[in-house]
Amino acid sequence: MKPRSAPNNGTHNKNKLARTFQRVINLRTASKIASTNGVGIGTYSHGDDVKRKAGLKALIAMVFASVTSIKAAYAELQMAQHPYDGEAIQVADQAVVEQLKVLSELKHKFLKQDLDLSPQVTLMLAEIQEQQSMMRTYDITIKNLESDIEEKDSAIDLHHKQLEHCIAFNKSMEKKLNETGPLFMFDNIQFTTLNPSHFIQVLHCALKSVRSFVRLMMKEMELAKWDIVAATKAIEPSAMLAKQSHACFLFESFVCKTMLQGFDSHDFSGLKSLHREQYFNAFKTLKSANPKSFLVQNPKSGFAKFIRDKYLKLVHPKMECSFFGNLNQRKMVISGGFSDTAFFMAFTEMGRRFWLLHCLGLSMSDQVSVFQVMKGYRFSEVYMENVSEESLFIDEIVDGADVDFRVGFTVVPGFKIGKTVIQSQVYLSPVINPNGTSLLDGNTLR
């Protein structure tokens with residue numbers, strides 16, 4: 001069976017016009033026959049019947065031609081709305097009104113049996129009018145399709161620009177994250193003048209890398225179609241966030257907790273017990289090195305062991321698989337190698353700064369310890385810093401209720417260096433009790 005070819009509108013219109021001419025010729029032939037075989041006035045004849053049928057055909061053709069014209073005018077009226085063209089709307093509206101008048105006149109002619117039309121001419125004119133109206137409708141349809149194409153092209157161009165912006169932003173972020181050269185800002189730190197301000201300086205540098213890594217991790221989650229809300233609930237099920245964007249604090253909390261786990265132990269850095277100055281020398285060595293090159297050259301060093309251990313604890317296999325489609329990076333780390341992906345290098349730079357922080361802490365004369373503020377504790381300005389004032393503005397507050405803000409979760413643990421306290425960074429959440437009594441005990445950190 002041969003496939004049927006698509007219809008050609010031009011051929012279809014020519015065929016339709018040819019059929020119209022044929023009907024006109026037939027009508028003329030019928031009229032001549034009727035006049036040749038005519039009978040007396042007042043007597044119904046076959047010729048009268050032919051004329052009546054011809055008149056009805058012409059009337060119907062005019063009705064269809066008017067309806068097609070109304071359809072075309074209505075399409076023009078719709079098109080003139082967007083963008084608004086007042087003059088075109090008036091012209092289209094007038095065309096609709098005129099054709100409605102024509103239909104009304106045809107209705108009266110039909111009811112009065114006033115079919116004194118010239119069938120041949122009327123049929124031809126009606127056919128031409130219908131074809132012209134259909135062409136107008138097709139033109140409008142084409143213009144609408146062209147307009148839709150232009151809008152879609154504009155939307156595609158906009159998406160391309162947004163994509164280019166995102167790619168440029170990601171490259172810029174990767175570049176910043178991969179700035180893993182020497183940390184010259186610590187050149188002023190000397191062993192003989194070590195004090196808590198130096199520790200705070202390195203801590204701030206480490207936390208800066210945490211925020212950069214968390215932004216990269218959340219971007220990967222979005223690309224992998226993660227449910228961010230479900231992920232935050234897995235970290236802290238009962239966390240109450242003032243804004244959805246505050247989810248980053250929960251991820252920062254998770255990263256800091258994992259990276260600082262075991263910080264009080266000498267084994268944290270993977271180094272054997274050393275003297276204070278030896279820890280400081282280790283600090284100076286890695287501070288001035290490129291971490292990627294250092295790992296390649298020293299795959300069995302304490303820093304390499306630290307990076308492997310923390311990566312496997314922080315990055316869950318399911319997370320890695322959803323980000324990269326496989327576990328090749330994890331297998332490489334387990335086998336003693338190190339990946340050169342932007343994600344792993346960002347993690348390595350963050351790990352380096354925490355490792356430096358630990359070495360610097362063990363270099364100090366006073367003992368350094370970490371403290372974690374428990375959930376539900378009262379806020380203390382001595383031991384705590386609120387990471388966001390916006391957390392104090394929660395929409396879902398019951399009118400007339402006694403609202404008390406407590407620690408929802410710890411974002412960054414605090415530190416003690418001798419008698420010096422470095423505040424813990426916490427996220428405050430409201431505790432609401434309609435009866436005015438506290439739902440939690442009055443504990444605070446001691």
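**Note on the predicted model**

1. Surface. The chain exposes about 26,600 Å², and carbon and sulfur atoms supply 56% of that area. The structure is a predicted model, and the figures in this note should be read with that in mind.

2. Burial across the chain. The chain has 446 residues, and buried residues account for 39% of them.

3. Secondary structure and contacts. Of the contacts between residues at least 6 apart in sequence, 76% join residues at least 24 apart.

4. Threonine 232. Which helix holds this residue? Threonine 232 lies in helix H6, which covers residues 228-235. Its relative accessible area is 7%, so threonine 232 counts as buried, the cut-off being under 20%. When neighbours within four places in sequence are set aside, threonine 232 is in contact with Ala247, Leu250 and Phe251.

5. Cysteines. Is cysteine 256 buried or exposed? Cysteine 256 has a relative accessibility of 1% and is therefore buried, since buried means under 20%. Cysteine 321 has a relative accessible area of 35%; because this value falls between the 20% and 50% limits, cysteine 321 is classed as partly exposed.

6. Disulfides. A disulfide is a covalent bond that joins the sulfur atoms of two cysteines. How many disulfides does the structure hold? The count is zero.

Methods
Residues numbered from 1 in each chain as written. Predicted model: local features only at pLDDT ≥ 70, side-chain atom pairs only at ≥ 80, totals over all residues. Heavy atoms only, no water. Helix = DSSP H or I, 4+ residues; strand = E, 2+ residues; numbered from the N terminus. Buried < 20%, exposed > 50% of the residue type's maximum accessible area, 1.4 Å probe, protein only. Contact = heavy atoms within 4.5 Å. Disulfide = S-S within 2.5 Å. Areas by Shrake-Rupley, 256 points an atom, 1.4 Å probe, with all protein chains shown as cover.
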